[in-house]
Amino acid sequence: MTYLDANATEPLRPCAAEAMTEAACIVGNPSSIHTAGRAARALLENARETIARALGADPLNCIFTSGGTEANALALHALGVGRRFLVGRTEHDAVRQSVPTQAPLEWLDVDQNGQIRLDLLEQSLAQPGALPAFVCLMFANNETGVLHPMAEIVRLCRHYGAHLHVDAVQAVGRVELSLLEQHFDSLACSGHKIGGPKGAGALLIQNTTHTSFTPLFVGGGQEQGRRGGTPALPSIVGFAAALQDALQHPVAYESLRHRLEQAARSLGAVICGEKAPRLGNTSCLALPGQKAQTQLMRLDLEGICVSAGSACSSGKVTISHVLEAMGLGDLAGQAIRVSLPWNVTEADIEQFIQTYTRLVAISTKTP
Ligand code: PLP
């Protein structure tokens, strides 16, 4: 099997598996005050320190969650009270579906490269007499890898007193940290997208001027009353180990991706978002006239795992709202996403190219 679907989930890093196994043997609950509880608490706080410091936040403002979806939902629910929501059209459903139902909502358009229209963002922010804004923009898009111009976005949000929530689920561990630091009021991240286990994520808050925080659930008051429930210690510890490993061993994805895209282009594929700065590991390839689902199935039959458009949890492939927002028309239903994991090899890329070439040859005979 050739696994090129990192943006769905990354293979578990050995160091994360090791850290999780050790943590799973700790019997205590981090909330218990006896020796076993304190041992668990020490591991939890150590992981919190690692993750928060790496991303430029105070550990006191790092709240562990079950993953990126919950971290996003918690941010919008807990920090967005009394604000109007300005949400990018290409956001992940974890954000799009989490805007509180009664809250005023405005969608922010992107250009044909998938980057936010800064002129329209400023227009929305500058509306006289409007409620304070809660802006939701992802750092890197999960389908195309396209990066929004964050420095400009931060400047505008600061200028107009807006809260900037950044979904950095695909960016953490894959972009230089200096690009993330200081670039958010709140930030969502997830362990399994960087080679950690599934089931752990975090919401980081930088702007501590918030006086109120409305938790999604309270339970036993864990995470300083901001997220009830016993934390998933092994997953959290694995997340911290994976993040450290990702930062210490950055992968030079670009040359591999370049080779892949060159080959795809020569076969007639369109690279979506090609003109914008992108994550090095992500390539969104649209094949004119060929349904994404058919491409996906043919590749799967040949042992290649990739994704198509926005594959929802039922496995059904829908037209990509991201590519539609970029104005790609029919291509929005004809694109597959190839995303390289931390352990990708040159042989994986060659395997993909050979198979894709065969697929294109078959497709042009039988659309
Ligand atoms: N945000 C983005 C950009 C994502 O790509 C994903 C998952 O694909 C999520 C949020 C949700 O993260 P999780 O799977 O950890 O809930």
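**Where the parts meet**

Author: Happy to. In this predicted model, the structure holds 18 salt bridges. Side chains of opposite charge can pair when their charged atoms come close.

Arg13 forms a salt bridge with Asp245, and their closest N and O atoms are 3.1 Å apart. Arg13 sits in the loop between β1 (2-3) and α1 (14-24), while Asp245 belongs to helix α9, so this pair ties together parts that are 232 residues apart in sequence. Are the two partners buried or exposed? Arg13 has a relative accessible area of 5%, so it is buried. Asp245, with a relative accessible area of 16%, is buried too, because buried means under 20%.

Arg13 also leads us to a glycine. Gly195 is found in the loop between β7 (186-190) and β8 (201-205), and at 0% relative accessibility it counts as buried. Which residues are in contact with Gly195, leaving aside its neighbours within four places in sequence? They are Glu10, Pro11, Leu12, Arg13, Ala16, Ala242 and Trp342. There is another glycine to find here: the C-alpha atoms of Gly195 and Gly238 are separated by 8.8 Å, although the two residues are 43 residues apart along the chain.

Now let's step back to the domains. The domain assignment of the protein chain gives domain 1 (2-9 + 252-365) and domain 2 (14-248). Notice that domain 1 is written as two stretches of the chain, 2-9 and 252-365. Taken over C-alpha atoms, the centres of the two domains are 27 Å apart.

How many residues of each domain are in contact with the other? On the domain 1 side there are 24, and they are in contact with 28 residues of domain 2. The size of an interface is often given as the accessible area lost when the parts come together. Here domain 1 and domain 2 bury about 2,100 Å² between them, with 57% of it on carbon and sulfur atoms.

What about charged and polar pairs? Across the interface of domain 1 and domain 2, the rule finds zero salt bridges. Polar contacts are another matter, with 13 residue pairs counted between the two domains. On the side of domain 1 that touches domain 2, the elements giving two or more residues are β10 (282-286) and α12 (321-325). Of these, α12 gives the most, with four residues.

There is a nonpolar side to this meeting place as well. In soluble globular proteins, nonpolar side chains tend to be buried together. The largest nonpolar core in this model has 63 residues, and those with the most contacts inside it are Leu121, Val135 and Phe139. Helix α9 (residues 233-248) provides the largest share of this core, eight residues. Why does the core lie between the two domains? Domain 1 and domain 2 both give residues to it, so it lies between them.

Leaving aside neighbours within four places in sequence, Val135 is in contact with Leu86, Leu108, Leu121, Leu125, Cys157, Ala162, His163, Leu164 and His165. A second, separate core of 26 residues includes Ile271, Ile349, Phe352 and Ile353.

Finally, let's return to salt bridges and look at two further pairs. Arg259 and Glu350 form one, with their closest N and O atoms 2.9 Å apart. This pair links distant parts of the chain, since Arg259 is in helix α10 (residues 253-266) and Glu350 is in helix α13 (residues 346-365), 91 residues apart. Arg259 counts as partly exposed at 36% relative accessibility, and Glu350 counts as partly exposed at 32%.

The other pair is Glu45 and Arg41, whose side chains meet in a salt bridge at 2.7 Å, N to O. Both lie in helix α2 (residues 35-54), four residues apart, about one turn of the helix. Glu45 is partly exposed, with a relative accessible area of 28%, and Arg41 is partly exposed at 34%.

Terms used: Residues numbered from 1 in each chain as written. Predicted model: local features only at pLDDT ≥ 70, side-chain atom pairs only at ≥ 80, totals over all residues. Heavy atoms only, no water. Core = buried A, V, L, I, M, F, W, Y, C linked by side-chain atoms within 4.5 Å. Buried < 20%, exposed > 50% of the residue type's maximum accessible area, 1.4 Å probe, protein only. Domains from an automatic or database assignment. Contact = heavy atoms within 4.5 Å. Buried area = accessible area lost by both parts, 1.4 Å probe. Salt bridge = Lys/Arg side-chain N within 4 Å of Asp/Glu carboxyl O. Polar contact = N/O pair within 3.5 Å; in protein donor to acceptor, adjacent residues only side chain to side chain.
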